[in-house]
Amino acid sequence: MIMPPTPTPDQQRISVRLAEFIAERHERILAEWEDAVGRDQTLPAPDKLTHKQLRDHTPQILSGLTQTLSNAFNPQLMFDTAYEAATHGHMRWEARYDVAQVLREISHLRARLIYHVAEFQEQAPAFTGSLSLFAMVVVHSYFDRLMRISVESFIAAAERTPKG
């Protein structure tokens, strides 16, 4: 695993502030994500999944992001995120999603989160330049890793199933 450079103290401070902002909006972000998923005609109808199945590990995924922002690039956090992503991919395979649907669902979460990051930017004038760039690299790297591992887990689950 290639580790990015250690954040500067200013980058770390703004990332912690962003993490706190996201944590305060945790339930709101999840509710908006559930609404977006429910309106997406390409995803299984929400009534085919229980609320628990829909959310499964998504709250932990969002919490993992806030922890990653607070303690950027901690190897243990990366391991924990990989576990949550793998679990998410496997659970979506069990729910009979296809790979495109797994990616769309995660994309909806990223989109909701980016909307809230933009709100944070309006409220935090220091969130510009290299400080903003660092935090956004952390956010997008986190979601890229989440998508990759979720899909890898999904494909592995599909390959273990006998064809018949």
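What share of the contacts in the protein with a separation of 6 or more comes from residues 24 or more positions apart? The figure is 86%, with contact meaning heavy atoms within 4.5 Å. The structure is a predicted model, so to speak of local features a pLDDT of at least 70 is needed, side-chain atom pairs count only at pLDDT 80 or more, and totals for chains, interfaces and linings use all residues. Residues are numbered from 1 along each chain as its sequence is written, and side-chain values use heavy atoms, with hydrogens and water left out.

The protein has 7 helices and 0 strands, following the pattern α-α-α-α-α-α-α along the sequence. Helices here are DSSP runs of H or I with at least four residues, strands are runs of E with at least two, and both are numbered from the N terminus. Of the 164 residues, 48% count as buried. Buried means under 20% relative accessible area, exposed means over 50%, and partly exposed lies in between (1.4 Å probe, protein chains only).

Now for the inside. In soluble globular proteins, nonpolar side chains tend to be buried together. The largest nonpolar core here has 37 residues; such a core is a set of buried Ala, Val, Leu, Ile, Met, Phe, Trp, Tyr and Cys residues joined through side-chain atoms within 4.5 Å. Leu18, Ile22, Leu65, Leu69, Leu113, Phe127 and Phe143 have the most contacts inside this core. Two or more residues each come from α1 (9-24), α2, α4 (58-70), α5 (75-94), α6 and α7, and α7 gives the most, with 12 residues. Leaving aside neighbours within four places in sequence, Phe127 is in contact with Ile14, Leu18, Val117, Phe120, Gln121, Ser132, Ala135 and Met136.

Next, two of the helices get a length check. The expected span of a helix is 1.5 Å times one less than its number of residues. The 13 residues of α4 reach 19 Å from first C-alpha to last, close to the expected 18 Å. Buried residues of α2 include Ile29, Leu30, Trp33 and Val37, while those of α4 include Ile61, Leu62, Leu65 and Leu69.

How do α2 and α6 meet? Their axes come within 9 Å and cross at roughly 135°, where axes are lines fitted to C-alpha atoms, for helices over the stretch in contact, and angles run from 0 to 180 degrees between N-to-C directions. That makes α2 oblique to α6, since angles under 35 degrees count as roughly parallel, over 145 as roughly antiparallel, 65 to 115 as roughly perpendicular and the rest as oblique. On the α2 side, the residues that meet α6 include Ile29, Trp33 and Val37; on the α6 side, they include Leu109, Leu113 and His116.

Arg110 lies in α6 (residues 99-123) and counts as buried because its relative accessibility is 15%. Beyond four places in sequence, Arg110 is in contact with His140, Phe143, Asp144 and Met147. Ser132, in α7 (residues 129-160), counts as buried at 12% and is in contact with Gln121 and Phe127, leaving aside neighbours within four places. Thr66, in α4, is buried too, at 11%. Not counting residues up to four places away, Thr66 touches Ala19, Ile22 and Ala23. Thr66 and Val16 are 50 residues apart in sequence but 8.0 Å apart in space, C-alpha to C-alpha.
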